[in-house]
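Have the viewer ready, and pick out each residue as it comes up.

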Amino acid sequence: AGAWAFLVDGLTDIGGGDPIPTLTTILEYHVTPGTRLARQVLATAGFPTLADLDIRHSRGSIILRDKDPDFRNPRLVGPLNVRASNGVVHVINRVLLPVNL
């Protein structure tokens, strides 16, 4: 309960009183249009998200670079290329942050 209240308070502060737009942006930042297999993600320097913010990636690494330089960047971890009815899921070890907190 305490962790939930902390998250809601933080999202409410960032969202200017409403946590939903900020939470929506964070969730949409984890979804890309189209289907990208892990090899396609690893071969590119960046790709778009549903949040209209690109995720940057260092070619040849498994690290995704988000918008907050002060936190450790997430990286791809297994399982990769998990087929879903509407695309492909890749597991990461941290939350991608679409803003510099």
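Which residues make up the largest nonpolar core?

## The nonpolar core

Eight residues form it: Tyr29, Val41, Phe47, Ala51, Ile55, Leu64, Leu76 and Leu96. Please keep in mind that this is a predicted model. As background, nonpolar side chains tend to be buried together in soluble globular proteins.

Phe47, Leu64 and Leu76 belong to the largest nonpolar core along with Val41.

## The overall picture

The protein chain holds three helices and five strands. Reading from the N terminus, the order of elements is α-α-α-β-β-β-β-β. Along the principal axes, the C-alpha atoms fill a box of roughly 40 × 30 × 25 Å. Of the 101 residues in the chain, 24% are buried. Among contacts with a separation of 6 or more, 34% link residues 24 or more positions apart.

How confident is the predictor? The mean pLDDT of the protein chain is 89, and 99% of the residues score at least 70. Among the elements, S5 has the highest mean pLDDT, at 94, while H1 has the lowest, at 87.

## The helical part

Helix H1 covers residues 2-14, which makes 13 residues. Just after H1 comes Gly16, with a positive phi of about 65 degrees.

Next, look at Ile20, which sits in helix H2 (residues 19-28). Is Ile20 buried or exposed? Ile20 counts as exposed, because its relative accessibility is 51% and the cut-off for exposed is over 50%. Ile20 and Val77 are separated by 57 residues in sequence and by 28 Å in space, C-alpha to C-alpha.

## The three-stranded sheet

S1, S2 and S3 form an open sheet in the order S1-S2-S3, with antiparallel pairing. S1 (46-47) and S3 stand at the edges with a single partner strand each, so one side of each has no neighbour in the sheet. S2 and S3 run antiparallel and are joined by two bridges. Across this pair, His57 stands opposite Leu64 in S3.

The loop between S2 (55-57) and S3 (64-65) contains Ser61.

## The S4-S5 hairpin

Strand S4 (residues 76-84) pairs with strand S5 (residues 87-92) in the antiparallel sense, over five bridges. The two strands form a hairpin, with two residues between them. Leu76 stands opposite Ile92 in S5.

## Backbone points to check

Most residues other than glycine have a negative phi, and most peptide bonds are trans. Gly78 and Pro79 are joined by a cis peptide bond, with omega about 0 degrees. Pro79 lies in strand S4.

S4 also holds Asn81, a residue other than glycine whose phi is positive, near 55 degrees. Asn81 counts as partly exposed because its relative accessibility is 32%. The other spot is Asp52, in the loop between S1 and S2. Asp52 too is a residue other than glycine with a positive phi, here near 60 degrees. Its relative accessibility is 72%, so Asp52 counts as exposed.

Key
Residues are numbered from 1 along each chain as its sequence is written. This is a predicted model: local features need pLDDT of at least 70, side-chain atom pairs count only at pLDDT 80 or more; totals for chains, interfaces and linings use all residues. Side-chain values use heavy atoms; hydrogens and water are left out. Helices (H or I, at least four residues) and strands (E, at least two) are DSSP runs, numbered from the N terminus. The expected span of a helix is 1.5 Å times one less than its number of residues. Two strands pair if DSSP finds at least two bridges between them. A nonpolar core is a set of buried Ala, Val, Leu, Ile, Met, Phe, Trp, Tyr and Cys residues joined through side-chain atoms within 4.5 Å. Buried means under 20% relative accessible area, exposed over 50%, partly exposed in between (1.4 Å probe, protein chains only). pLDDT is the predictor's confidence in each residue, from 0 to 100. Contact means heavy atoms within 4.5 Å.
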